[in-house]
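Please consult the sequence and the structure while reading.

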Amino acid sequence: MSDVTVDAVPVAGRTGWLTPFNIITGIILAGGAIILGIRFTHGLAATTNLSNTYPWGLWIGFDVMSGVALAAGGFVTSSAVYLFGMKEYKPVVRAALLTGFLGYLLVVLGLLADLGRPWRLPYPFIKSAGPTSPLFEVSLCVALYLTVLLIESTPAVFEWLGLKKFRKIVGSLTIALTIFGLILSTMHQSTLGAMVMVAPTRLHPLWYSGHIPVHFFVSAVAAGLAMVIVEGMISHRAFHHQVEITEEHFHRINFGLAKAASVALAVYFSIKVVALALEDEWHLLGTGWGAYWLFEVIGFVLLPCVLFAVAFREKRLLLARVAAIITVIGIMLNRFNVTFIAFNWNNPTAETYIPNWMEIWVTVAFITFAVVAFRWIANRMPIMYEHPDWKGVH
Amino acid sequence: MTTTRRGFIGGAIGAALSTGTVEAGTTKHFEGHPGRYGLLHDTTLCVGCRSCEVACKEVNGLPPVESPVDDQQVFDTTRRTTDTSLTVVNKYVDATDDTPPVYRKLQCMHCNEPCCATVCLVHAFEKTPEGPVLYHPELCMGCRYCVMACPYYALAYEYEDPLTPKVMRCTMCYDRIKEGKLPGCAEACPTGAITFGEREELIQVAHERFRKHPDRYVNHIFGEHEFGGTSWMVLAGGSFGELDLDEGVTSEPLPAIATSYLGVVPLVVTIYPGLLMGMYAFSKRHEAVAKAEREEAVASAVAITEEEGRKKIAAAAERATKDKERAVNMAVKKALAEAEKGDES
Amino acid sequence: MNTLFDFLTHTKGIGYIVAGILLVSFIPFWRFLTEREHEE
């Protein structure tokens, strides 16, 4: 470890542990812990606005549904680099995989908060399986994929600890893990969409489709690419002292991602239009819900698609970043729509659901945890750069 | 409370759903357990007395009804079942005409092919041979997918319970049925709006009523076929949409719709490895070919450069030789000329 | 096997197990197929 020449600025600098970053994140995390304490002593009713008509709210809509989609950058970049030979993206693979791992960890944390009896999480695999359930498939895949991501994150750890033998073993597994990861990601990203197929009368027809699994998978690819750009935006600046690639190379990577994201969004937009045709729903576009659907699809799918394309053509990095942010918001909006906005659109008691501040705080706390973890790891381990002993190796 | 908006929407959804439906991956047809029980709810007979609500709470040991049963204000809002009220009665008023209000009892419909059971990842629901769909709280993780899935909004959850929350729903008084008794609501109903019996027989009963009183009923048994059919079937004198029941939906069971995509899972698992290894091998080969072409290009460039170098050297050598020859010739000529000059003097 | 639900529980349960076995079997199959290439 001592022969690593890159010196990260220590977190506990001259001011000790009480940096502004630590104080703010500490407050957020402490608050989240308190709220979860209330949840487990007074029930979900005390900390959420969930109801019998809205059993799924922000914690499912964001932590599970959006979290999985936004963590898709891991499988997209690792497949590009290791399966399709696009070596120029190698510098961002580790950060994308780490973001993926932390993202999926958030999903599990979100579930542990939201489930009525989270300690029974292993039940489907050890006690009583319900193989007809799309959620069974999702939980199996997420559990396996979290393991894959964990193993894919260990090369950085072993390099940091100087454990050359373990590093070699884990490195030899890369292709197999990448393939397994792509299989698992394809399945659970799409099956998350399939989960709502059971409720055709509860989800508004403009969002409901027999092809919603494909919609979810394609949008996840776009979300993953956008997140790599967004995360790179932040980490490239925060860890600039570690980055070894040239600015020009970093820009080329971003433009490549922008180009791919533009294509992914174009495909997604197309299949949404096809869905209108298949279910003969054109007339619904004239309704209030139709206007809202157009707002989501044109504002957050078509618009960033065009912005990404222009950004790539004109080599405008800022535009690509703006498009990435819009895409990320759009994916979250879509998942929220499918979970609690366009879902129950016509419920008999005309109830609506809005998350309360405690649900929002806990969600922010989970995100904060991921950011803190990413920062801690990237400050110590070769994520944003290549370890000198392993330069140029797989 | 008017519900005409829902009726229209129900029709629109129905039109969308009864075309392009999806397959469960089997062409088999399933009749369900023979001789299973059901209930017939005749809304033309229901007067909204809510005796069924009282009886249900008593039989299940739940807290009593909050407002007295003759309190008409309860009907001002559309209610739904909760974790302490496994059944409620709603009043449906058509604001556009003077027809009398219609009352309907809401509870779990005990579907022939329950979607709650289908979406439960720990198999906590079972469709019993007697008809009722039962829930097993000792398995439940509390994911509430069943609560989300139910098209009849029949399931409730104990959100106030921090550590042992359960899904709460009508059980069709399974224990009472096994003892040969009637479900609590059926026994308590004073007007005969609830009839308990074998499902197939109840369908005959319904048709008999249609035959005897054709002006009283709409000729449709809700729940006979919708989403594969339910154990609780409803008769009405007007539109079912007005009663918050989607009559235009497909008869394809929700389990078929919900699981149709899962057939892709084994396909992805078995096709992707070969496909992706093929892509990987292709990209490796592409790399190797590109590398070989690069090396060849470099080698030939080097060779050409070497060749040109050699030619240049050879040409220079030749020129040098020629220059030398010329110089020698000139020196010889000069020497001869000087020698001649020397001879003449 | 009276209901579609029972049928699906049975078939999907077997389906997961079969798919898992086939996936794992792919590894020795691939190694068998390509081991001569590595011997060069």
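Q: What makes a residue of chain B count as buried, and what percentage of the chain is buried?
A: A residue is buried if 20 or more other C-beta atoms lie within 10 Å of its own, exposed if 12 or fewer, and partly exposed in between, with C-beta atoms placed from the backbone. By this count, buried residues make up 41% of the 345 residues in chain B. The model is predicted: local features need pLDDT of at least 70 and side-chain atom pairs count only at pLDDT 80 or more, while totals for chains, interfaces and linings use all residues. Residues are numbered from 1 along each chain as its sequence is written, and chains are lettered from A and ligands numbered from 1 in the order in which they are written.

Q: Why is chain B called more spread out than a compact globule?
A: The radius of gyration is taken over C-alpha atoms, and the globule rule is 2.2 Å times the number of residues to the power 0.38. For 345 residues the rule gives 20 Å, whereas chain B has 44 Å, well over that value, so chain B is more spread out than a compact globule. Its C-alpha atoms fill a box of roughly 165 × 45 × 40 Å along the principal axes.

Q: Which domains does chain B have, and how many Å separate their centres?
A: Domain bounds come from an automatic or database domain assignment. For chain B the assignment gives domain 1 (4–16 + 31–252) and domain 2 (263–345). Taken over C-alpha atoms, the centres of these two domains of chain B are 89 Å apart.

Q: How do you know whether chain A agrees or disagrees with the globule rule?
A: A compact globule of 394 residues would have a radius of gyration near 21 Å, and chain A has 21 Å, so the two agree. The C-alpha trace of chain A spans about 65 × 55 × 40 Å along its principal axes. Buried residues make up 53% of chain A.

Q: Why is helix H3 of chain A described as largely enclosed?
A: 13 of the 13 residues of H3(A) are buried, so this helix is largely enclosed by the rest of the structure.

Q: How many residues of chain B are in contact with chain A?
A: Two residues are in contact if their C-beta atoms, placed from the backbone, lie within 7 Å. On that basis, 58 residues of chain B are in contact with 55 residues of chain A. H9(B) gives the most to this side of chain B, with twelve residues.

Q: What makes up the contact between chain B and chain C?
A: The contact takes 24 residues from chain B and 15 residues from chain C. On the chain B side, H9(B) gives the most, with six residues.

Technical notes: Helices (H or I, at least four residues) and strands (E, at least two) are DSSP runs, numbered from the N terminus.
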